[in-house]
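Keep the 3D view open as you read.

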Amino acid sequence: MNDDLLARSFETHRDHLRSVAYRMLGSLTEAEDAVQESWLRLSRTDTAAVENLGGWLTTVVGRVCLDMLRSRKARREEPFDALVPDPIVSREDAGPEHEALMADSVGLALLVVLDTLTPAERLAFVLRDMFAMPFEEIAPIVGRSEAATRQLASRARRRVQGAPVAPDPDLGRQREVVNAFLAAARSGDFDALVSVLDPQVVLRADRGPALGGSVEVRGADQVANQALTFSRLGAGGGVVHRALVNGAAGVVATREGRPFSVLGFTVAGGRIVEIDILADPARLERLDLAVLD
């Protein structure tokens, strides 16, 4: 296969590879790096023996992501208080193309749960449960027997199923609850805030090293207090833009036209069960915030 044909063939698989890598890594930048590495490996390979290019590339990007996850775990001398995945932000009125994209989206809450898995568990779950890859093809990637790989996926599945990661499917209902939360935060109404929060609500915020790092807060009263504090910090010329964050109701807050924070909400049973806030200026700069265009 000549270079031009190989490049065109690779491009037909890029979106799929990015989807796999994002679910594996929870980082848009690292996902792009993993996809690029898969291209480099393909360009150095004799493709004459490759019968299924899509399967071959999925295996390669899986191995790359597994190595990246293992390296990430090894670098963490101390656990983070909270990990907020990179959000995918888009307009609520983006049209049919966006609706097709969101059908394949993954919620921030699920990405947080996936980050609690071991690298091998995460790979087995993502490739099997999200992309229906046969265990016989996953096993060589993690270096386990097929039976052991099934056990990895089963353990991961139990962890995922035990976590409240599924939002209400009605986006309009999600938006009503989020709007009520924002109105209560703006007015400083503590009781109104608590009324839209699940008693076991979890708030995670990554503010970046210069602003105090990351924090995790649990419980309706504690999260309401944190929301009021965050609202006061964002006051003074701040503008809130309605957005979809990983397919769910969310907002992008700006100050003087620049992103200040991205808030993703998980709404279930008419209340907010999780809030993920990205307010790290360095990470915000790397996001594609098309909602602001």
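Start with Arg-122 and Asp-115, which form a salt bridge with their closest N and O atoms 3.3 Å apart. A salt bridge here is a side-chain nitrogen of Lys or Arg within 4 Å of a carboxyl oxygen of Asp or Glu. Both Arg-122 and Asp-115 are buried; buried means under 20% relative accessible area, exposed means over 50%, and partly exposed is in between (1.4 Å probe, protein chains only).

Before going further, a word on where this comes from: this is a predicted model, in which local features need pLDDT of at least 70 and side-chain atom pairs count only at pLDDT 80 or more, while totals for chains, interfaces and linings use all residues. Residues are numbered from 1 along each chain as its sequence is written, and side-chain values use heavy atoms, with hydrogens and water left out.

A search of the whole structure finds 19 salt bridges. One of them joins Arg-150 to Glu-146, with the closest N and O atoms 3.5 Å apart. These two residues sit 4 residues apart in helix H9 (residues 146–161), so about one helical turn separates them. Helices (H or I, at least four residues) and strands (E, at least two) are DSSP runs, numbered from the N terminus. Arg-150 is partly exposed, at 42% relative accessible area, and Glu-146 is partly exposed too, at 34%.

Now find Glu-216 and Arg-204, whose side chains meet in a salt bridge of 3.6 Å, N to O. This pair links distant parts of the chain: Glu-216 belongs to strand S3 (residues 214–218) and Arg-204 to strand S2 (residues 197–206), 12 residues apart. Is Arg-204 buried or exposed? Arg-204 is buried, with a relative accessible area of 6%, whereas Glu-216, at 33%, counts as partly exposed. Through shared partners, salt bridges join Arg-204, Glu-216, Arg-218, Glu-274 and Asp-276 into one network.

Next, the nonpolar side chains. A nonpolar core is a set of buried Ala, Val, Leu, Ile, Met, Phe, Trp, Tyr and Cys residues joined through side-chain atoms within 4.5 Å. The largest one has 53 residues, and Met-24, Leu-114, Leu-123 and Val-262 have the most contacts inside it. Helix H4 (residues 53–75) gives the largest share of this core, 8 residues. Domain 1 (3–78 + 117–161) and domain 2 (171–285) both contribute residues, so the core lies between them; these bounds come from an automatic or database domain assignment.
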